[in-house]
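Please read the following account alongside the sequence and the coordinates. It leads from the overall architecture to individual residues.

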Amino acid sequence: MYGTIRSGMATAMHELAVISNNIANAGSTAFQRSNVSFSDLYGSASAESVQRLSTGLGSAVEATKRSLS
């Protein structure tokens with residue numbers, strides 16, 4: 001239970017760090033916004049076999065990408 005909460009808090013803190021970086025640098029020349037993508041963590045199940053309402057093991061940061069638009 002605590003591992004699930006800890007992983008959720010870690011991903012939320014990473015998202016807040018990316019958002020604050022976007023806000024702090026929005027006015028600079030040639031700034032490119034960053035986007036964060038997350039994934040759910042499940043035990044030994046594949047993504048296709050997991051029930052829609054099943055409880056997972058937490059979340060993880062999948063990637064932090066720069067927006068080129």
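The paragraphs below treat the chain as a whole and then selected residues.

This is a predicted model, in which local features need pLDDT of at least 70 and side-chain atom pairs count only at pLDDT 80 or more, whereas totals for chains, interfaces and linings use all residues. Residues are numbered from 1 along each chain as its sequence is written, and side-chain values use heavy atoms, with hydrogens and water left out.

The chain contains 1 helix and 2 strands, and its elements follow the order α-β-β from the N terminus. Helices (H or I, at least four residues) and strands (E, at least two) are taken as DSSP runs and numbered from the N terminus. Helix 1 covers residues 2-24, strand 1 covers residues 34-41, and strand 2 covers residues 58-66. The mean pLDDT of the chain is 81, and 78% of the residues score at least 70; pLDDT is the predictor's confidence in each residue, from 0 to 100. Confidence is highest in helix 1, at 89, and lowest in strand 1, at a mean of 86.

The accessible surface of the chain amounts to about 5,600 Å², and carbon and sulfur atoms hold 57% of this area. Accessible areas come from the Shrake-Rupley method with a 1.4 Å probe, and for residues only the protein chains shown count as cover. Of the 69 residues, 13% count as buried, where buried means under 20% relative accessible area, exposed over 50%, and partly exposed in between (1.4 Å probe, protein chains only). Among contacts with a separation of 6 or more, 56% link residues 24 or more positions apart; contact means heavy atoms within 4.5 Å.

Which residues surround S59, leaving aside its neighbours within four places in sequence? They are S7, G8, T11, S39 and L41. S59 itself belongs to strand 2, and it is buried because its relative accessible area is 18%. Although S59 and G8 are 51 residues apart in sequence, their C-alpha atoms lie 5.6 Å apart. The side chains of S59 and T11 are joined by a polar contact of 3.0 Å. Such a contact is a pair of N or O atoms within 3.5 Å; within protein, one must be able to donate a hydrogen and the other to accept it, and residues adjacent in sequence count only if both atoms are side-chain atoms.

Two further serines are also of interest. S34, in strand 1, counts as buried because its relative accessible area is 12%. Not counting residues up to four places away in sequence, S34 touches V18, N22, T64, K65 and R66. S67 lies in the segment after strand 2 and is buried, since its relative accessibility is 12%. With neighbours within four places in sequence left aside, S67 is in contact with Q32, R33 and N35.

The loop between helix 1 and strand 1 includes A30. Phi of A30 is near 60 degrees, a positive value in a residue other than glycine. A30 counts as exposed because its relative accessibility is 70%.

I5 lies in helix 1 and, because its relative accessibility is 46%, counts as partly exposed.
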